[in-house]
Amino acid sequence: MKHTTTSPDRRPVRDRNGAATAAPPPGRTPPPGRTPARRRPASPQWAAWAFLTPVTLYLVLFYAYPLYRNIDLSLRHYTVRSFVRGDAPFTGLANYRAVFDDPTFAPALLHTVVFTAVCLVFQYAIGLALAVFFNQHFRLSATLRALFLVPWLLPLIVSASTWSWMLNSDSGIVNAALHAVGIGPVHWLTSPSWSLASVIIANIWIGVPFNLVVLYSGLQSIPAGLYEAAALDGANAWQRFWRITFPLLRPVSAITLLLGLVYTLKVFDIIWIMTKGGPADSSTTFATWSYQLGFGNLLPSFGPGAAVGNLLVVAALVFGLIHVRVQRKQALS
């Protein structure tokens, strides 16, 4: 007996509008209760790399490569001729030994430490006092805050030139004011005893607005209810500041001091315009000394100048790592 096989029904299927559509091929119909598998979306990894590429190129071109070149300068004996031809001999740490043996090293180190420490302390203290003062939200508070930003907005060459005129021994307004109260003239910029103090005063004036802005923004994040509760408990203004304001400002204060430290370590414009590191190296810091070695002589010492600059980079890096470690401990505690 012969068995015949019947072909599967391939009649067209009609939709709701009556139009005929092709029936699905046999074996392709999903089982009941299951939906057809969808194509997995493309991985977003390429988008992340696309966003990272410009930042990576910027860091490599403007940070990593200049740092590499500066390290290479400090490890070779460069002259003007070898700097152009690129055939400077490798000398290892000879430039660093020359810097440490230089008689200018100890005074420059002392001036850098004093300049940085005094500027940081006074900039932070004055900025914090002004931030607390403006946090009272009195009339004309916003206007006065804007006026305090003027030193920060002015170009450094304008600020330094203004202070040079104000502290001039013969025609400066500061000596004129001292003369009015019976005090003799002070040689602010030409005396080894006063030159470092002069550039410190100018740099404090320039850095206070930055501390004011950052610390004032930190004060805005402290809930006002804490002060009201402390006042109800009988705490006076000093106790509210010491028990509430200062502890809650620690994270903001830490980043403010770190940024101020990095900025103050590399201050060059103010010192160079006002005193050029003198007289007799009395206001020379590592920043000005590095410039003097590399560009201030007819026969520049590129290697030692780069070595001094690298010492500043190492100092800023050490303090940055300390800050990161302290912040991590505080976050874990």
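A residue is called buried when its relative accessible area is under 20%, exposed when that area is over 50%, and partly exposed in between, with a 1.4 Å probe and protein chains only. The structure described here is a predicted model, in which local features need pLDDT of at least 70, side-chain atom pairs count only at pLDDT 80 or more, and totals for chains, interfaces and linings use all residues. Residues are numbered from 1 along each chain as its sequence is written, and side-chain values use heavy atoms, with hydrogens and water left out.

The protein chain contains 15 helices and two strands; these are DSSP runs numbered from the N terminus, helices being H or I with at least four residues and strands E with at least two. Of its 333 residues, 32% count as buried. The chain exposes about 22100 Å², of which carbon and sulfur atoms supply 67%; accessible areas come from the Shrake-Rupley method with a 1.4 Å probe, and for residues only the protein chains shown count as cover. Among contacts with a separation of 6 or more, 63% are made by residues 24 or more positions apart, a contact being heavy atoms within 4.5 Å.

The interior may be considered next. A nonpolar core is a set of buried Ala, Val, Leu, Ile, Met, Phe, Trp, Tyr and Cys residues joined through side-chain atoms within 4.5 Å. The largest such core has 35 residues, and Phe115, Ile270 and Met274 touch the most other members. Two or more residues each are given to this core by helix H4 (105-134), H7, H9, helix H11 (237-248) and helix H13 (269-274). H9 provides the largest share, 11 residues. Setting aside residues up to four places away in sequence, Ile270 touches Leu156, Ala160, Val199, Ala202, Asn203 and Ile206. A second, separate core of 14 residues includes Val99, Ala108, Leu120 and Leu261.

Helix H4 also holds His111, which counts as buried because its relative accessibility is 12%. Beyond its neighbours within four places in sequence, His111 is in contact with Leu196, Asp281, Ser282, Ser283, Thr284 and Thr285.

A pair of aromatic rings is described by the distance of the centres and the angle of the planes. Rings of Phe, Tyr and Trp (its six-membered ring) pair if their centres lie within 6.5 Å; planes under 30 degrees apart count as stacked, over 60 as edge-to-face and the rest as tilted. A search of the whole structure finds 21 aromatic pairs. One of them, Trp152 with Phe210, is edge-to-face, at 5.7 Å centre to centre and 65 degrees between the planes. This pair links distant parts of the chain, since Trp152 lies in helix H6 (residues 150-153) and Phe210 in helix H9 (residues 195-220), 58 residues apart. Trp152 is partly exposed, with a relative accessible area of 41%.

The rings of Trp163 and Trp205 have centres 5.9 Å apart and planes at 70 degrees, so this pair is also edge-to-face. It too joins distant parts of the chain, with Trp163 in helix H7 and Trp205 in helix H9, 42 residues apart. Trp163 is buried at 11% relative accessibility, whereas Trp205 is partly exposed at 34%. Elsewhere, Phe100, Phe105, Phe286 and Trp289 form one aromatic cluster.
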